[in-house]
Amino acid sequence: MAITALNLIIFTILLFLASALPLTKSQQFSRKLSKKEMGLKVEKLSHLHFYFHDIGSGSNPTAVHVAQAATTNSSATLFGSVTVIDNLLTLGPEISSKTVGRAQGIYVFADTTELALSVVYNFAFSEGVFNGSVLSVLGRNPLLSGVRELSIVGGSGVFRFARGHAKLKTVETNMQNGDAVVEYNVYVFHY
Ligand SMILES: *[C@@H]1O[C@H](CO)[C@@H](O)[C@H](O)[C@H]1NC(C)=O
Ligand SMILES: *[C@@H]1O[C@H](CO)[C@@H](O)[C@H](O)[C@H]1NC(C)=O
């Protein structure tokens with residue numbers, strides 16, 4: 001059967017519609033969405049309690065000093081020192097107690113007048129319903145203060161839309177090598 005002019009016009013229109021539809025959709029930059037459509041129901045408040053092991057000594061350190069400024073050695077507050085961590089988070093204060101996750105990221109000595117860290121890390125949990133979920137932590141940690149506070153700025157998995165804060169307290173410091181155990185109480189809103 002010969003292709004008539006009408007067939008050709010219809011075919012062209014169909015082709016145009018087929019290509020124009022998804023194009024229109026992909027060009028939409030933003031839209032309003034209800035919480036229901038996202039499957040978000042009631043916001044929950046969770047309290048997590050665990051211990052953070054900052055271990056720089058031995059043959060398997062999880063806190064490694066990676067860089068510092070030329071002036072860091074002469075700074076009383078170690079200003080300019082950078083450490084990368086993959087520290088264990090455990091249920092009890094002993095490192096041999098049950099692992100609940102890991103703290104991965106960096107801390108830097110970022111204060112010229114006081115021993116204070118600026119921290120950026122992720123708590124990657126491996127326990128129970130939190131297994132595979134992450135909380136992102138950001139904040140200032142003045143090491144010599146009793147209880148410090150960091151911000152929970154977000155998360156993934158069950159912690160999508162998370163926000164909250166962590167209270168932390170050093171419970172043990174090894175004066176020879178600087179290794180430390182820090183108790184964390186995390187209060188976080190999530191769905
Ligand atoms: C700082 O001190 C460390 C340890 O004593 C040493 O290895 C390093 O070379 C020093 N760095 C500078 C820039 O002086
Ligand atoms: C956590 O999830 C990983 C990957 O899915 C799995 O291999 C592991 O056994 C889980 N751990 C716990 C404690 O459920």
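## A buried aromatic pair and its surroundings

Phenylalanine 50 is buried, with a relative accessible area of 1%, where buried means under 20% relative accessible area, exposed over 50% and partly exposed in between, computed with a 1.4 Å probe and protein chains only. This is a predicted model, in which local features need pLDDT of at least 70 and side-chain atom pairs count only at pLDDT 80 or more, while totals for chains, interfaces and linings use all residues. Residues are numbered from 1 along each chain as its sequence is written, and side-chain values use heavy atoms, with hydrogens and water left out.

The chain contains one helix and nine strands, which follow one another in the pattern α-β-β-β-β-β-β-β-β-β; helices (H or I, at least four residues) and strands (E, at least two) are DSSP runs numbered from the N terminus. Of its 191 residues, 31% count as buried.

Phenylalanine 50 forms an aromatic pair with phenylalanine 123, which is edge-to-face, with 5.2 Å centre to centre and 85 degrees between the planes. Rings of Phe, Tyr and Trp (its six-membered ring) pair if their centres lie within 6.5 Å, and planes under 30 degrees apart count as stacked, over 60 as edge-to-face and the rest as tilted. Because phenylalanine 50 lies in strand β1 and phenylalanine 123 in strand β5, the pair ties together parts that are 73 residues apart in sequence. The structure holds twelve aromatic pairs, and ring pairs link a cluster that includes Phe50, Phe52, Tyr121, Phe123 and Tyr184.

Leaving aside neighbours within four places in sequence, leucine 135 is in contact (heavy atoms within 4.5 Å) with residues including Leu48, Phe123, Ile152 and Val186. Serine 81, in the loop between β2 (63-67) and β3, touches His65, Thr72 and Tyr107, among others, not counting residues up to four places away in sequence.

Notes:
Chains lettered and ligands numbered in written order.
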